[in-house]
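Biologist: I have a chain open here and would like to go through it with you. Can you put it up?
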Amino acid sequence: MCMASSPITSRYFQDVDPVAINVQRQATFIIERLLELGDEAAIRWLKEQYPAKTIQNVLRTSRRISPRSANFFALEFHIPREEVRCLTPSYRKAHVARWPY
């Protein structure tokens with residue numbers, strides 16, 4: 001299934017050809033993008049498209065979700081902070097901002 005007909009495509013996937021996005025094959029990409037940038041409607045759509053277990057697995061393993069977004073969704077999905085990769089001390093220490101401004 002492609003995302004060309006999805007109402008969220010034009011807002012969150014402007015840099016990608018909507019016909020080329022396959023909802024099943026590129027689930028990780030879509031979930032990461034919407035967890036990081038999505039509003040309530042986008043998250044609702046996300047929950048309708050993917051089982052909670054799939055979203056939770058992406059949240060646990062992703063390196064592309066900011067600590068702020070990861071913390072929020074970890075609370076929403078009842079995932080302990082220790083299980084979310086980008087919230088672990090070792091990950092955060094390794095990815096310190098290069099520009100302290």
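Modeller: Among contacts (heavy atoms within 4.5 Å) in the protein chain between residues at least 6 apart in sequence, 35% join residues at least 24 apart. This is a predicted model, where local features need pLDDT of at least 70, side-chain atom pairs count only at pLDDT 80 or more, and totals for chains, interfaces and linings use all residues. Residues are numbered from 1 along each chain as its sequence is written, and side-chain values use heavy atoms, with hydrogens and water left out.

Biologist: How many helices and strands does the protein chain have?

Modeller: Six helices and zero strands. Both are DSSP runs numbered from the N terminus: helices are H or I with at least four residues, strands E with at least two.

Biologist: Which residues of α4 are buried?

Modeller: In α4, residues 52-61, the buried ones are Ile-55, Gln-56, Val-58 and Leu-59. They lie on the same side of α4 because they cover an arc of only 160 degrees around the axis, taken from the directions from the helix axis to the C-beta atoms. Buried means under 20% relative accessible area, exposed over 50%, partly exposed in between (1.4 Å probe, protein chains only). Lys-53 and Thr-61, on the other side, are exposed.

Biologist: What do the buried residues of α4 pack against?

Modeller: Against α2 (27-37), α3 (40-49) and α5 (67-76).

Biologist: New topic. Where is Ser-62, and is Ser-62 buried or exposed?

Modeller: Ser-62 sits in the loop between α4 and α5. Ser-62 counts as buried because its relative accessibility is 3%.

Biologist: What does Ser-62 touch?

Modeller: Leaving out residues up to four places away in sequence, Ser-62 touches Glu-32, Arg-85 and Cys-86.
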